[in-house]
Amino acid sequence: MKFGVLRFPGSCDEVDALDAARRVGDAELLWHGQRDLKGADAVVVPGGFSYGDYLRAGAIARFSPVMESVIAFARDGGLVLGICNGFQVLCEAHLLPGALLPNANLRFTFRQINLDVVEGDTAVTCACGSAGSSGEQTATRLSIPAKHSWGRYHADAPTLASMEERGQVVLRYAPGENFNGSLRDIAGVRNEHGNVFGLMPHPEHAVDELTGSTDGLCIFASMRMAVEGTRTGTPSGAHGEGHTQRAHGGQAGARV
Amino acid sequence: MSETATLPTVEDALALGLTRAEYELIREKQGRTPNQVELAMYSLLWSEHCAYKHSKKLLRTLPTDGPSVVMGPGENAGAVDVGDGLVCAFKVESHNHPSAVEPFQGAATGVGGILRDIFAIGARPIAVLDSLRFGEPHLKSCVASSREGGERAGKEDGGGAAGAGARSRYLLDRAVAGIGHYGNSIGVPTVGGEVYFEGPYEQNCLVNAMALGIAEREQLITSAAAGIGNTVLLFGASTGRDGIGGASVLASAELGEDDDKRPTVQVGDPFEEKKLMECSLELLQHGLLVSLQDLGAAGLTSSASEMASKGEVGIDIDVAKVPLREADMEPFEIMVSESQERMLCVVEPGNVGAVLELCEKWEVGGAAIGTVTDTGQMRVFDAGELVGTMPVRALVDDCPLYDLQPAKPTRTPYPAPEALLPQKTTPREALLALLSSANIASRRPLFEQYDAIVQSRTVRRPEQSDAAVLAIRPLGEAGVSGFSTSGPNPLSGAALEGARAGGSQAPGTPVPGIAVSIDGNGRRVAADPYSGTVAAVLECASNLACVGAEPLGTTNNLNFANPEKPHVAWQLTEAVRGLGDACRALRAPVVGGNVSLYNEGASAGPIYPTPVIGMVGRLPDARRAGRLGFARAGDTIAIAGPFAPHLGASELAKLWGWDLPDGLPPIDIEEVAATQAAIREAVRAGALSSAHDIAEGGLAVALAECCLGGELGARVSLPADLFGAEPAPATGREADWSGISAASASVPTMAGTLFGEGAGGFLISGGERELHALGERTQVWIVGSVGGQALRIDCPAPSHGDSRTGGERIECSLADLARAHGALAELFA
């Protein structure tokens, strides 16, 4: 299983994402100027300030050569995860619904926050069953840092309604943790097809006890399980196959 | 050279900040009257900012050598050996006057400048810290000021809508935003810092930024130009008219009140710097550079001249080849522009193509603008026509150095702070007032605006420990930031567990770490420049000890007022003496630093003398880094070290409106250093649950901070003569809260015991056996235990029981403590 991690001028968290991915699989950086995805099974669009976030966060990155390939990869059902700035890029590229607006407090804000896993059977959460480092009760509550100034998730009412209906809201800020003013406490979403994901918090910064938490590791572990469970199947099968894999993932997590 | 242009006069020289004598000396060095280009370049390189005219002789007395020192003062940054073939480069620098004029850009470009200093020697920046000073913000929520705050605000500003502290609040808000804007956008974590609010900084705020980087030892590069005939190449942003005269006019003179100096403040672009940083580091990785230098104050003029001076060569530059962002710039403007995000390097002619290719990859401009020569001259051409030529030595080394005329003032130049807390108050009121005071309240509202974790090295974040702790990782993927994680590993439960335990590191393998602290309490230095500076250095080392780190090296930024005034010269001289003595005793040599003088507003008078100290240390295993918060209910609490608290120049004394004392009690540096070693080893051995250095606000505030840090209460009982090292006169024994005067400031009264300050005190918790064991290394008083949801301190009852002054009890719920400690939130609401 190989992750491709994009690198734009202005990316800041790409090596952190590379390291996180390498804890569960193989991973390589993909330069923004090249269209070759180097045979990646899944793509991570990392955090940072791609192209200086000029114009609007993520607005320029979506037009880069590598993004052309990522968009095609996604349309073919390839697994794509956007983190923070990457989430903004995927929204700008219309691979994900909605948009990210400036935080309600209008300031860059860094906090360790709690996330509730709303959809546990997606390609980025199927291994999160018992990842909560603080034990059973918080089995689907992840402690992960968030740091951004444009993180307020927004979409119009009909879109939000259909997203909720289709289970496209994957992660929510736990009660009291929604500092950026996101609608319906939405922290992470997926597309209708279930192969493109975006979240504002940084799972790649929660993969090592030494630096605070390991709750983010299950996001990357889930991606590996989804890919390996669907190599032979159809992309949308990420769910169906994911279920059988999840049991195993659950045991894996349970040993922690 | 075309002599058609009319030559500048001595008046022009004076306008550029030179003295008549200096102008005459320049004419002598030139053997003729300097033209406009030459005079502009001399005026910058002979400015206080570039030439250290008033401080160089003092700085020569500092210890700069030690077993760990890899690069000492003189280069863009100092560097110390941190093991495994890696070095840590670090330096602190000020951007005070630009920030007082335009706080957002001033602070942002301050961060940009210090980061360039780090990657200019080939190190990847891994952390930023900041040290800020502003006038009083007049917090409404401050328990103490709440009583009088209201009408005072009206008086001070003539009832102006702004209200008291408005300017300080504005400067704080914009400076913090500027630091965050630059550091967050460039992917370097801001892991720590400090801020104090004092009247003397009202007109002249201080914004100091410190950066750390790591590099493989053989990757380090110097700025010394070499190789006659080699190409001088400028890369990065294009050159405009911003920041012209910043070093001379702005940085080397007192701030006037009405003059508008905004045009001399540079404008920064972190995205340009991010590309410039990645580009520079990749150029070095491919071994394409002979030498590298950043462009900071005085732009091309100082960069080129210093490269030539260090390499003892000459340099020719053709300004017509410099990429410009503005039309019709004069040659002298191009030479002195302080446009940000630019680097200058020396390249062998054969490598120029490869260098420009990498610049293209990173979308960074690059242009060959000059040549290394054997003339010993700094020559400036404009499209081939010579427009200026100066001996490099005259420019860089021959600026006259001035002797200071130090004289201790007969009386302190600083007015007593406004009394915010009545003398007649209970210990509980005093504790809450201190916790909610601007200098002690939680810094969370500030550091929450900074990314503290990017690069995945941050083992201890702000408020988790006294010093920031960063894991040292080998430089990995394209030197980006270090990770040595291997390829694919099977997703088994074990693999997931292994990954959680630290991925690359096999469980049980130590993870070496770097600890860093920055400090500098100006009020103490104002009371006693020598002891106050010693205390600041010791506080940094104590912070390192609390996480288990041993000092490797020191950097410093000397922020002082006008050194031509005898009392300021005295402050500077005494402070540097204290800095040297403390660094020698700690074996933490000074590997770099910066001096910022003339920090005084026209009417406001001098700032507190403020030596800001930055110290870097090493931990053998970051997994055992200490924490400041209480960790386990049932743990025993002890006070360790040669702690002799006194109220002079303390935070409580400030709230009470006391005058600054003339001098502070002497400090036994060696004894404090020995205690730091004992604490450090106990932390490394995992013998302590928590370790916190007793600082501003004294013991009671330290206890509150440990409770809040661990969300655990504590029960503590303190005998009246706890710190009665010095026999107290009978009068002083009377713990009458209304009767404490400056005269008895150093007497161990109830107030002195609870809120007195002094070097060498630690508040530690852990198993009783471990704490007793520490008693064999240093003084240890067992004073209580951890537990519950409240802090209870039974205060000293005077030994000759007098009912009127009987024992007092402080009892505060964690919620009450947290509410008071959160006082700064209103500044960013």
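User: How many helices and strands are there in chain B?

Analyst: In this predicted model, chain B has 28 helices and 28 strands. Of its 829 residues, 62% count as buried, and among the contacts in chain B with a separation of 6 or more, 85% are accounted for by residues 24 or more positions apart.

User: Why is helix α16 of chain B called largely enclosed by the rest of the structure?

Analyst: A residue is buried if 20 or more other C-beta atoms lie within 10 Å of its own, and 7 of the 9 residues of α16(B), which spans residues 427-435, are buried, so the helix is described as largely enclosed. The buried residues are B:P427, B:A430, B:L431, B:L432, B:A433, B:L434 and B:L435. What covers them includes the helices α22 (651-655), α24 (698-710), α26 (750-755) and α28 (814-821) and the strand β28 (809-813), all of chain B.

User: What makes α16(B) roughly perpendicular to α24(B)?

Analyst: The two helices pack at an angle of about 65°, with their axes 10 Å apart. Angles of 65 to 115 degrees count as roughly perpendicular, and therefore α16(B) is given that description relative to α24(B). Their crossing is right-handed, and the contact is made by B:L431, B:L434 and B:L435 of α16(B) together with B:A700, B:V701 and B:A704 of α24(B).

User: How do you know which classes the residues of the contact of α16(B) with α24(B) divide into?

Analyst: Ala, Val and Leu are among the residues that count as nonpolar, and the contact of α16(B) with α24(B) accordingly divides into 6 nonpolar, no polar and no charged residues.

User: Why is α20(B) called roughly parallel to α23(B)?

Analyst: Helix α20 (residues 529-547) and helix α23 (residues 669-684) of chain B pack at an angle of about 15°, with their axes 7 Å apart. Angles under 35 degrees count as roughly parallel, so the description applies to α20(B) and α23(B). The crossing of α20(B) and α23(B) is right-handed.

User: Which residues meet between α20(B) and α23(B), and how do they divide by class?

Analyst: From α20(B), B:V534, B:L538, B:A541, B:S542, B:A545, B:C546 and B:V547 meet B:I669, B:V672, B:Q676, B:I679, B:R680 and B:V683 of α23(B). The residues of this contact divide into 10 nonpolar, 2 polar and 1 charged, with Arg counting as charged and Cys as nonpolar.

Definitions and conventions:
Residues numbered from 1 in each chain as written. Chains lettered and ligands numbered in written order. Predicted model: local features only at pLDDT ≥ 70, side-chain atom pairs only at ≥ 80, totals over all residues. Buried ≥ 20, exposed ≤ 12 C-beta atoms within 10 Å, placed from the backbone. Helix = DSSP H or I, 4+ residues; strand = E, 2+ residues; numbered from the N terminus. Contact = placed C-beta atoms within 7 Å. Axes fitted to C-alpha atoms, helices over the stretch in contact; angles between N-to-C directions. Parallel < 35°, antiparallel > 145°, perpendicular 65-115°, else oblique. Left-handed = near helix turned anticlockwise from the far one by under 90°.
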